[in-house]
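The following exercises concern the structure shown below.

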Amino acid sequence: MIDKQFEKEEFKKSVKENVKFLYRKTLEEATQEQIFQAVSYTVKDVIIDNWLKSQKAYEKQDPKIVYYMSMEFLMGRALGNNLINLGAYGEVKEALEELGLDINCIEDQEPDPALGNGGLGRLAACFLDSLATLNYCAYGCGIRYRYGMFKQEIRDGYQVEAPDNWLKNGYPFELRRPEYAKEVHFGGYVRVEWDPVKNENKFIHEGYQAVKAVPYDMPITGYNNDVVNTLRIWDAEPIVDFNLDSFDKGDYHNAVEQENLARTIVEVLYPNDNHMAGKELRLKQQYFFVSASLQAAIAKYKKTHDDITKLHEKVVFQMNDTHPTVAVAELMRLLMDQEGLGWDQAWDITTKCCAYTNHTIMSEALEKWPIELFSRLLPRVYQIIEEINRRFILEIQQKYPGNFEKVKKMAIIYDGQVKMAHLAIVAGYSVNGVARLHTEILKNQELKDFYEMMPEKFNNKTNGITQRRFLAHGNPLLADWVTDKIGPDWITDLSQLSKLKVYADDEKALQEFMTIKFKNKERLAKYILEHNGVEVDPHSIFDIQVKRLHEYKRQLLNILHVIYLYNQIKAHPEMDFYPRTFIFGAKASAAYARAKKIIKLINCVADVVNNDASINGKLKVVFIENYRVSNAEIIFAAADVSEQISTASKEASGTGNMKFMLNGAPTLGTMDGANVEIVQEVGEENAFIFGMSSDQIINYENNGGYDPDFIYNTDPEIRQVLMQLINGTFSSDTEMFRDIYNSLLDKRNMPRPDQYFILGDFRSYAEAQKRVEEAYKDEKRWAKMALLNTACSGKFTSDRTIQEYVDDIWHLDKVIVKEN
Ligand code: 26Y
C-alpha cells in the first residue's frame with residue numbers, strides 16, 4: 001500500500017506548500033531546482049516517519065548492528081532511488097505530470113553526492129541499499145567531504161578538473177545532528193603515570209589539537225519494508241571559536257592551527273583510485289571519522305548495555321579496505337584508556353568486532369605509513385600498534401622458530417613503515433576478497449604467509465550490485481518488461497530472473513527485448529548529442545567501456561584496437577563492416593599523467609575518426625564527459641557490448657561488469673575478477689572471452705619471458721598502430737603520445753615495458769572483437785545472448801552478497817519494522 005502522502009492530490013498540495021514555505025513563491029514562479037527541493041522535502045517527510053519507526057523497532061528488538069566503515073560512499077542521487085524504494089515512483093511521476101512537470105528534469109536537478117572514487121565507494125552504497133532492504137540494522141560511517149569527486153570537463157581533448165560543490169544549494173536528504181558531536185585529538189604526546197590504585201601505568205594524551213566531529217545523517221531506505229537506516233558522515237568544526245583567551249595563554253599559534261585543522265580535514269575527497277599517495281591529511285581524515293564513529297558506536301551500545309566486554313555480541317565493524325584500519329588501534333585505545341579494560345580483554349573484544357575486506361592486490365594501492373608521520377600524528381594509537389606488532393612477532397616466532405624471513409614479510413611495522421593490511425589481518429577475525437579468483441590469489445600469492453598462519457580467517461564474498469538502482473530506476477522499460485513476464489519479485493529476489501530463460505527462443509519476447517534496448521540506445525544517443533555534441537547512430541553496435549581510467553583496466557588496448565579497425569576500413573573500403581560506436585567514460589586521478597594522456601588520445605582518435613568522411617560513419621568514437629552514477633544508469637541500459645578487459649589478475653572483481661550484464665549486454669572480457677563467475681553463470685557461448693589467464697600473467701611477472709618488442713617487430717599491423725602514436729596521425733605534435741608509445745616498448749619503463757600486456761593480448765582481443773561482430777550480425781542469436789545475460793545475472797545482486805556477509809561474518813538479526 002502506498003503512503004497517504006504520496007496520493008496525488010495530497011502530494012501536489014505538499015509540493016506547492018513547500019515551494020511557498022521555502023522560497024515564498026508559487027509553483028509557476030519557482031525554478032526547476034527549487035521544485036526539486038520542494039519535492040525532496042515532501043519525500044523526506046515520509047522518510048522521517050519511517051526513520052523514527054525504524055529507530056523504535058531497533059530499540060525494542062536490540063539487534064546486532066554492523067557499522068560499515070568506509071572512506072567512500074558513492075551514493076548517486078537519492079530522490080529517484082527513494083521513490084523507487086518507497087514504491088511511489090509511478091504515482092509521483094503522474095502527480096508531477098499533472099503539475100506540468102517532468103520527473104526526469106526534476107531528478108536532474110539533484111547533484112550526485114559523489115563521496116567516492118569508483119568501485120569500492122559504489123559497492124558501499126549498494127551494500128547500504130541491500131542491508132536496509134533485507135531488514136538489517138546497519139550504519140554507514142564516513143566523511144562529509146565538502147567537495148566530492150571532481151567534475152570532469154573535457155577541453156581540447158584534455159581532462160580538466162572542476163570542484164564538485166555538491167552542498168552549494170543545501171542537500172535536502174541530510175540531517176545535522178549536533179547533539180551527537182564527538183571530539184577527536186591529533187598530535188601532542190603521551191605522558192605515562194603510575195596508577196597506585198589499579199597498580200598499573202596510565203597513559204595520558206596531552207598537548208594535542210582537538211577537532212569537533214559533527215555527524216550528518218542521510219536516510220537509507222529499504223525496499224517496501226519501511227526500514228530506514230542511516231549513513232552517518234562526519235563534518236569537522238573547530239572546538240571553540242577563535243578567541244583571545246588562548247592568545248593570553250601564549251597558545252595563540254596552537255589555537256590558529258587547531259582551527260585550520262578543522263577547516264581542512266574534510267575539505268576534499270582524495271581522487272586517487274587504487275593508488276597510495278601517502279599524504280598526511282589523508283591519515284588525518286581516516287583517524288577523524290574512525291575515532292568519531294567508534295566513540296558514537298560505543299556510546300550507543302552503553303546506553304542500553306552495561307557490560308562493555310560483550311560489545312562484540314551487538315556490534316561489528318566492517319573495514320572497507322585498509323582505509324579505516326586505524327579503527328583496530330583506536331578501539332583498543334577507547335577500551336583501555338576510556339573504559340578501563342586491560343590489554344587482554346580489550347584485544348579479545350577488538351578481534352571479535354573487526355573484520356576486513358581487501359579490494360586489490362596491486363602493490364601501489366597498499367597503504368603504508370611512515371613511522372615518523374604516524375607516531376607524530378597519533379602518538380597513543382601508534383604506541384598501541386607497536387604493542388600489537390610486538391606480540392604478533394612473538395607469535396610468528398613461536399610458530400616458525402628461527403624463521404626471520406617470516407618476521408620480515410609479515411610484521412606490521414617494518415622498514416620504517418606501518419603496514420595497514422597486516423594490521424587489519426592480524427586484528428580482524430575475517431579477511432575477505434571480493435571475487436572467487438581474487439580471494440584465491442590472496443590466499444595463494446599476495447597474502448600466502450598470512451593464509452598459512454591463519455587460514456580460518458580467509459573467505460570470499462563475491463561483489464554484487466543493487467537491482468533497485470541499476471534496473472528498476474535506471475532502465476524502467478526493461479524493468480516493466482521483466483515484471484510483465486515474471487512478476488515483480490525480482491526486485492527483492494534477483495534469482496527470479498532465471499525464469500526469463502524460457503523466453504530465450506521466443507521470437508516475440510526477443511523482439512520486445514531488443515526493441516527496449518534500441519529505445520535505450522536512442523535515449524543515450526540523445527544524451528550524447530546534448531552533452532557532447534556528437535551524433536551517433538543507435539543502429540550501430542554500442543560498445544562501451546566506462547570505469548576509472550587506469551593502465552591495468554586497459555582503455556589503451558581498446559583505443560589501439562579502434563585505430564587498428566580504422567586502418568582496416570581505410571585500407572579496404574569495400575570490406576563488410578558492421579557500424580560500431582565505441583563509447584568511453586572515465587575519470588583519471590588528477591595527478592596520474594599517463595592516464596590523462598590516454599584520455600587525450602581517445603579524444604584525438606575520436607576527432608580524426610569521427611570527421612573522416614571516407615569511412616562513411618562506420619566507426620564512431622565518443623568520450624562521455626564526467627562519467628558518474630547518474631549518467632551511468634543511462635549508459636548501462638543502452639549497452640550492446642560490455643568491455644571488461646583488465647590484465648588478468650589485476651581487477652579484484654569489477655562491478656560495472658555486473659551492471660552491464662543485468663541490462664542485457666554480453667561481456668567482452670578477460671578471465672579476471674568477477675568476469676570468471678559471470679561466464680560461469682551465462683555460459684561461455686554467451687560471452688566473448690580472450691587473453692592470457694591470470695596464471696600466465698603471474699608466471700610472466702615472476703619468471704620474465706614476455707617481450708613486446710618481438711610482437712612489434714613481427715606484427716606489421718600492430719607496428720602500424722604504434723607508429724601512428726608518434727607520426728602525427730592523431731596529433732600534429734609528434735611528441736604528444738611519446739610517453740604512451742614508450743610505456744609499451746621502452747626497456748626503461750618500470751618494472752618492464754608493457755607492464756599490462758597490451759601487445760601480448762592485442763591479437764586475441766581483435767579476434768574476440770571479430771566474434772562480437774559476427775554474433776551481432778545474426779540478429780536472433782544476438783537477441784538470445786542479450787536476454788540470457790539478463791536472465792543469468794541473478795547471482796550478482798548485492799542482496800546475495802550481503803546475505804553471505806550476514807551468514808558468514810556478521811551474524812546479524814533480522815528486524816521487523818513494517819506491521820502487516
Ligand atoms: C590507498 C588509496 C589511495 C586507495 C583509494 C581508493 C586505494 C584504493 C582505492 C579504491 C579501490 C577500488 O575501488 N577498488 C575496486 O573495488 C571494487 C569493489 O570491490 C572492485 O570491484 C574493483 O575490482 C576494485 O578495483
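**Exercise 1.** Identify which residues of the largest nonpolar core touch the most other members.

*Solution.* The model is a predicted one. Its largest nonpolar core holds 245 residues. Those touching the most other members are Tyr 67, Leu 128, Phe 288, Ala 327, Ile 385, Ile 602 and Val 605.

**Exercise 2.** State which residues are in contact with Phe 288, leaving aside its neighbours within four places in sequence.

*Solution.* Contact requires C-beta atoms within 7 Å.

**Exercise 3.** Determine whether the radius of gyration of the protein agrees or disagrees with that of a compact globule.

*Solution.* First, take the chain length, which is 820 residues. Next, note that a compact globule with 820 residues would have a radius of gyration near 28 Å. Along the principal axes, the C-alpha atoms fill a box of roughly 95 × 75 × 55 Å.

**Exercise 4.** Describe the domain assignment and give the distance between the C-alpha centres of domain 1 and domain 3.

*Solution.* Domain 1 comprises 1-61 + 80-110, domain 2 comprises 63-77 + 112-463 + 804-810, and domain 3 comprises 481-691 + 756-796. The C-alpha centres of domain 1 and domain 3 are 35 Å apart.

**Exercise 5.** State how confident the predictor is in the residues of the protein.

*Solution.* The average pLDDT is 97, and 99% of the residues score at least 70.

Key
Residues are numbered from 1 along each chain as its sequence is written. This is a predicted model: local features need pLDDT of at least 70, side-chain atom pairs count only at pLDDT 80 or more; totals for chains, interfaces and linings use all residues. The radius of gyration is taken over C-alpha atoms; the globule rule is 2.2 Å times the number of residues to the power 0.38. pLDDT is the predictor's confidence in each residue, from 0 to 100. Domain bounds come from an automatic or database domain assignment. A nonpolar core is a set of buried Ala, Val, Leu, Ile, Met, Phe, Trp, Tyr and Cys residues joined through C-beta atoms within 7 Å. A residue is buried if 20 or more other C-beta atoms lie within 10 Å of its own, exposed if 12 or fewer, and partly exposed in between; C-beta atoms are placed from the backbone. Two residues are in contact if their C-beta atoms, placed from the backbone, lie within 7 Å.
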